[in-house]
Amino acid sequence: MDGSSYYIPAAAMGVALTVKAPALSRSWRDPLLRSVCALLALAGLVFFFAAPPTIGKVNDLTGVTNVSAPLVYCLLSAFSASCLVLVVNWRGGPPEETRRTTRLIIAGYGLVIVALITLFMLGDVPVERLVDFDTYYARTPYIREMIVLYLMALTVAGVAMNFMCGRWALQVRGWLRAGLLIIVTGYLFNLAYLTTKFTAVIARWNGHDLDYLSSDVAPVLASAGAQISAVGFCLPLACQRVGDSWSTWSTYRRLGPLWRELRSVSPHGDHGVRISWWSPAELQVTQRESDIHDGMLSLYPYFDSEVRSRAYDAAVAAGSDPAQAQAEADAAMVAVAVRARAADPEGRVISSAGASHAPTASPEGPRDLVRMSAALRQSPVVAAARGPVATRPGSDFHEQTR
């Protein structure tokens, strides 16, 4: 009874919770993240307090014989509620309906916990049992009802979880479906655990001894089920986070050509504060987009709508769709403007440009910037526009694009 079969899964849950803790500290208002962390915490507590050495220690410290039994049963009930709450929040839906369902689950299992404590206080359990409490007291008044109540509460949660996750898995694809199927597998182990518990208890009611099912087989099934389910809960969320990070870094990389094109007119050193290289990907992308917008702002006096119009027509003629043609046209105008700015080191165009020369460019979102960046690197239309620059009205410097 060294408790290793209990402490190992408890430690695994603790490690998973530690990994999730930074995300929780950043987004503690996220109900889905809170539900995941609550589930991991409760799963770890269940295994820790269900270990025979811990049971004995808790009984000794409190001075109440077998007080660990209702403690573990209450933790199991809370764990069951947290699983249901997590799936409800995970699946989403109308916020008010989600909150109402969550409150009903918490209230229902809260009543179960109160009933478990009440029944234990009404019962009589003078002999300490570390591993076979369920079967030893299976016929004791009030304790019998307590045992049946916690097993029924776990069974309801297990059946509901398999039903919800199994039905949901038929409607989705990818990592979410894989995670849901893993959860279903884990809860099949949990249902097998409950089956062995019920079998051992009912055998006691009928004068038979199948205690080994409850004492030896059930803990193994419970450990496997909890760990498999935890993997199912964490896998889609972890993969989604990895996918989001990959997408963000991809955006950062794809913005590179446009950022480098504008670097001469928006040098990095002009910023008072530069973020560090280890900053989050989202912040890196924001900084790069800010650099690009700053560079384009400095080029506004050099933007030529005629250059854009000709580039747009050329891109459409080459087979580009309207959105792509717009990006190529904007990229061509930027490329020409960068050359025009380089040919005007004294900034005479900037000083002479008035409100009438303000650009009428359409606003660019992140997607437009990415398209423009790709066009700078790949578009033949942009390559053709990189030539001698044309005359800008109201300026003393000359360009030639025709």
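Arg103 is partly exposed at 47% relative accessibility, and Glu96 is partly exposed at 40%; here buried means under 20% relative accessible area, exposed over 50%, and partly exposed in between, with a 1.4 Å probe and protein chains only. I then noted that Glu96, Arg99 and Arg103 are linked in a network of salt bridges.

Before going on I recorded that this is a predicted model, in which local features need pLDDT of at least 70 and side-chain atom pairs count only at pLDDT 80 or more, while totals for chains, interfaces and linings use all residues. Residues are numbered from 1 along each chain as its sequence is written, and side-chain values use heavy atoms, with hydrogens and water left out.

Arg129 and Asp132 pair at 2.8 Å, N to O; Arg129 is partly exposed at 25%, whereas Asp132 is buried at 12%. Asp211 and Arg204 pair at 2.6 Å, N to O, with Asp211 buried at 10% and Arg204 partly exposed at 22%.

Next I turned to the chain as a whole, which has 16 helices and zero strands, taken as DSSP runs numbered from the N terminus (helices H or I, at least four residues; strands E, at least two). Of its 402 residues, 46% are buried.

I then looked up the largest nonpolar core, which has 67 residues, a nonpolar core being a set of buried Ala, Val, Leu, Ile, Met, Phe, Trp, Tyr and Cys residues joined through side-chain atoms within 4.5 Å. Phe133, Tyr150, Met161, Tyr193 and Phe233 touch the most other members of this core. Elements giving it two or more residues include helix 1 (4-26), helix 7 (143-169) and helix 9 (211-254), and the largest share, 15 residues, comes from helix 4.

Which residues is Tyr193 in contact with, leaving aside its neighbours within four places in sequence? I found Leu76, Tyr150, Leu154, Ala218, Leu221 and Ala222, where contact means heavy atoms within 4.5 Å. My last entry is a second, separate core of 34 residues, which includes Val265, Met296, Ala335 and Leu369.

Terms used. Salt bridge = Lys/Arg side-chain N within 4 Å of Asp/Glu carboxyl O.
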